Amino acid sequence: TVVRGDFRGAAHLNVTSSSFDPFSLGVSVGFKSIFQADRLAIAFDPQVAIALAPGAAFGGIAIPVVLSYNVSEFAPYLITGINVPSFDPFALVVPVGVGAQYSPSNMLDLGLRFTFDGLISNNGANADARTLGLFAAFRM
């Protein structure tokens with residue numbers, strides 16, 4: 001059988017600070033693509049990141065994958081993917097996490113997510129690296 005659905009994609013630019021002491025600042029560029037069939041959606045967001053502040057531990061390649069189930073304006077989701085920190089293929093990391101997004105209108109998304117950033121890696125499991133994210137996205 002052929003799965004029919006809607007495909008969307010958009011380029012994006014992110015500015016990120018992951019630490020204030022020592023200060024780190026980076027920029028990433030990516031292309032987010034979403035395939036949606038009925039209430040189920042899968043999103044891929046390949047990104048390349050570089051450090052802007054000297055000595056910042058930032059940069060690399062990330063290919064996050066998000067599987068979501070849309071219920072009206074609310075969408076819980078699972079997060080995984082592949083990260084290559086500092087462009088080192090021997091430092092491969094697979095994050096695992098959960099999140100939820102609320103979309104009260106066609107122009108606004110609000111969300112929260114929790115991710116174990118290094119749960120699976122070439123250097124063994126590391127549950128100490130975690131990210132709690134709160135986000136808002138505006139569309140025009």
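I take helices (H or I, at least four residues) and strands (E, at least two) as DSSP runs, numbered from the N terminus. On that basis I find 0 helices and 9 strands in the protein chain, and the order from the N terminus reads β-β-β-β-β-β-β-β-β.

I note that this is a predicted model, in which local features need pLDDT of at least 70 and side-chain atom pairs count only at pLDDT 80 or more, while totals for chains, interfaces and linings use all residues. Residues are numbered from 1 along each chain as its sequence is written, and side-chain values use heavy atoms, with hydrogens and water left out.

Next I looked up the overall dimensions. The C-alpha atoms of the protein chain fill a box of roughly 45 × 35 × 25 Å along the principal axes.

For burial I used relative accessible area with a 1.4 Å probe and protein chains only (buried under 20%, exposed over 50%, partly exposed in between). Buried residues come to 28% of the 140 residues in the protein chain.

I then turned to contacts, meaning heavy atoms within 4.5 Å. Of those in the protein chain with a separation of 6 or more, 37% join residues 24 or more positions apart.

Last, I searched for aromatic pairs (rings of Phe, Tyr and Trp, the latter by its six-membered ring, with centres within 6.5 Å; planes under 30 degrees apart are stacked, over 60 edge-to-face, the rest tilted). I count 1 aromatic pair: the rings of F114 and F116 have centres 5.1 Å apart and planes at 85°, so the pair is edge-to-face. F114 counts as partly exposed because its relative accessibility is 31%, and F116 counts as partly exposed at 27%.
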